[in-house]
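Morning, everyone. One chain today, and a quick walk through it. Please bring up the structure.

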Amino acid sequence: PLRPGEKPGRMDVWWRGRGQNAGFMLALAHLIGKGPGWKGAQLRINTAVNDEVEREGMDRHLKAFLHNSRLNAEYRIHSLDGAAPLETVRLRSSDAGLVFLGMRPPAPGEDPESYGAYYGGLIRNTDGLPLTAMVLANETVDFQSIFSG
């Protein structure tokens, strides 16, 4: 629980715009935001793009999503400018209280060692981030429909 006068930290959800992870991360952030310690926390959806074309498409997509959702959130679109995506996350979310990052599922036929190497790299490359939730959604559940009217 928060101490008197203490404000909750910001929750940053990193959205790549594909798969079910984004909806699942938003559902988790929404639920956490209802609990002690996070009630009233600002929710920010972040994404990183390579160029202006991607920026324009993502801007339209996020505006429409937030307009049609029941979420109280803001969004930011960050340019990668040649940086690695996780470096952009580290730079832009260093002051967040909680960060949500999607994970990729194992590729068809991928052996446990290869997936373990991917996961190990993800852990190493997120070192120094605030409290971070690594999220992998079940692809058969439409989590984004939770927020649609």
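Before the tour, one definition: the expected span of a helix is 1.5 Å times one less than its number of residues. Keep that in hand. And note that what you see is a predicted model.

Now apply the rule to helix α1, residues 21-32. It has 12 residues, so at 1.5 Å a residue it should span 16 Å. Its end C-alpha atoms are 16 Å apart, which agrees.

Which residues of α1 are buried? Asn21, Ala22, Gly23, Met25, Leu26, Ala27 and Ala29. What covers them? The cover includes four strands by name: β1 (11-14), β2 (43-49), β4 (98-102) and β5 (132-135). Helix α2 (52-68) is part of that cover too.

Step back to the whole chain. There are 4 helices and 5 strands. From the N terminus, the order is β-α-β-α-β-α-β-α-β. The chain has 149 residues, and 36% of them count as buried. Take the contacts with a separation of 6 or more: 76% of these join residues 24 or more positions apart. The accessible surface comes to about 8,800 Å². Carbon and sulfur atoms hold 54% of that surface.

Buried or exposed? The cut-off for buried is under 20% relative accessible area. Leu71 has 11%, so Leu71 is buried. Now look across to Leu43. Leu71 and Leu43 are 28 residues apart in sequence. In space, their C-alpha atoms are 8.7 Å apart.

That's the tour. Over to you.

Terms used
Residues are numbered from 1 along each chain as its sequence is written. This is a predicted model: local features need pLDDT of at least 70, side-chain atom pairs count only at pLDDT 80 or more; totals for chains, interfaces and linings use all residues. Side-chain values use heavy atoms; hydrogens and water are left out. Helices (H or I, at least four residues) and strands (E, at least two) are DSSP runs, numbered from the N terminus. Buried means under 20% relative accessible area, exposed over 50%, partly exposed in between (1.4 Å probe, protein chains only). Contact means heavy atoms within 4.5 Å. Accessible areas come from the Shrake-Rupley method with a 1.4 Å probe; for residues, only the protein chains shown count as cover.
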